[in-house]
Amino acid sequence: MNITVYCGSNPGANPRFLEAAEQLGTWIGRAGHCLVYGGSSVGLMGAVSRAALAAGGCVEGVEPRFFIDAGVAQHDLTRLHVVETMAERKALMIELGDAFVALPGGVGTLEEISEIMSQVRLSLGPRRCYLLNLDGFYDPLRQLLGAMLDQGFLDQRDVDAFLFPTSVDELTAALARDADELAVLGRPSAGTPRCPEALPPNAG
């Protein structure tokens with residue numbers, strides 16, 4: 001299963017965020033899944049990718065050329081997709097993904113997971129998405145979604161598809177169930193990631 005992970009390009013003030021990124025990356029690699037992420041070597045993005053690689057996992061990065069020119073691209077990836085714009089990056093990360101996760105992050109992370117939430121609501125592909133609500137980070141967003149529900153802008157079915165696990169263990173258990181569901185549907189699952197491991201590192 002390809003797991004697209006959105007997260008901050010810095011580690012944040014809470015050290016538990018960095019630990020969570022490393023724990024998730026390790027689980028993705030050991031479980032035989034493929035990490036899809038923004039391609040950078042810095043912040044939580046670098047932490048999740050390095051952990052997945054260290055665990056023997058497949059990692060596909062999607063990085064705009066101007067970030068590569070700035071020297072922040074992660075090395076030794078299974079594959080690095082080089083794009084020209086942030087919009088192209090977002091679209092390709094969605095195209096590559098089977099499951100979608102937001103770790104803590106800033107406005108870029110919020111924009112990316114909001115796109116997934118819209119796709120879930122419109123039944124355009126993803127059936128659910130996950131926001132790791134570690135130490136209550138996403139509580140304000142949950143409250144906003146509740147207000148949208150109360151005012152009739154969302155249905156309960158929509159809100160139920162936006163999941164807020166509070167620990168990495170809870171998140172990975174849900175992702176494992178998603179992988180089993182994909183296997184039943186005849187799509188790639190644990191042990192058979194879509195990411196082509198034979199591709200050379202950092203192929204554009």
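Is D135 buried, partly exposed or exposed? D135 is partly exposed, with a relative accessible area of 49%. Here buried means under 20% relative accessible area, exposed means over 50%, and partly exposed lies in between (1.4 Å probe, protein chains only).

This is a predicted model, in which local features need pLDDT of at least 70, side-chain atom pairs count only at pLDDT 80 or more, and totals for chains, interfaces and linings use all residues. Residues are numbered from 1 along each chain as its sequence is written, and side-chain values use heavy atoms, with hydrogens and water left out.

**Sheet**

The model holds an open sheet of seven strands with parallel pairing. Its order is β4-β3-β2-β1-β5-β6-β7. The edge strands are β4 (79–83) and β7 (162–163), and each pairs on one side only. Helices (H or I, at least four residues) and strands (E, at least two) are DSSP runs, numbered from the N terminus. Two strands pair if DSSP finds at least two bridges between them. Strands of a sheet pair through backbone hydrogen bonds, either parallel or antiparallel.

| Strand pair | Sense | Bridges |
|---|---|---|
| β1 (2–6) and β2 | parallel | three |
| β2 and β3 (58–64) | parallel | four |
| β3 and β4 | parallel | five |

N2 stands opposite C34 in β2. V36 has E60 of β3 as its bridge partner. In β4, E63 is partnered by V82, and P64 by V83.

**Crossovers**

From β1 the chain passes through helix α1 (residues 15–30) to β2, in a right-handed β-α-β crossover. A crossover is right-handed if, with the strands pointing away from the viewer, the path from the first strand over the helix to the second runs clockwise. Next, β2, helix α2 (residues 43–54) and β3 also make a right-handed β-α-β unit.

Strand β2 (residues 34–37) is covered on both faces. C34 and V36 are buried on one side, L35 and Y37 on the other. In β3, seven of its seven residues are buried. C58, E60, V62 and P64 point one way from that strand, while V59, G61 and E63 point the other way.

On the other part of the fold, α5 lies across β1, β5, β6 and β7. α5 runs at about 150° to β6. Axes are lines fitted to C-alpha atoms, for helices over the stretch in contact, and angles run from 0 to 180 degrees between N-to-C directions.

**Cores**

A nonpolar core is a set of buried Ala, Val, Leu, Ile, Met, Phe, Trp, Tyr and Cys residues joined through side-chain atoms within 4.5 Å. The largest one has 32 residues. Those with the most contacts inside it are I3, V5, L24, L35, V101, L103 and L175. β1, α1, β2, α2, β5 (99–102) and α8 (168–184) each supply at least two residues of this core. The largest share, six residues, comes from α8.

What does L35 touch, not counting residues up to four places away in sequence? The list is I3, V5, I28, V48, S49, A52, C58, V59 and E60. Contact means heavy atoms within 4.5 Å.

A second, separate core of 24 residues includes Y6, I116, C129 and V159.

**Individual residues**

D178 lies in helix α8. At 10% relative accessibility, D178 counts as buried. Its side chain makes a polar contact of 2.7 Å with the side chain of R128. A polar contact is a pair of N or O atoms within 3.5 Å; within protein, one must be able to donate a hydrogen and the other to accept it, and residues adjacent in sequence count only if both atoms are side-chain atoms. Leaving out residues up to four places away in sequence, D178 touches M1, R128 and Y130.

Most residues other than glycine have a negative phi. S123 has a positive phi of about 55° although it is not a glycine. S123 sits in the loop between α5 (107–121) and β6 (129–131). S123 is exposed, at 61% relative accessible area. D135 also has a positive phi, near 55°. The place of D135 is in the loop between β6 and α6 (139–150).
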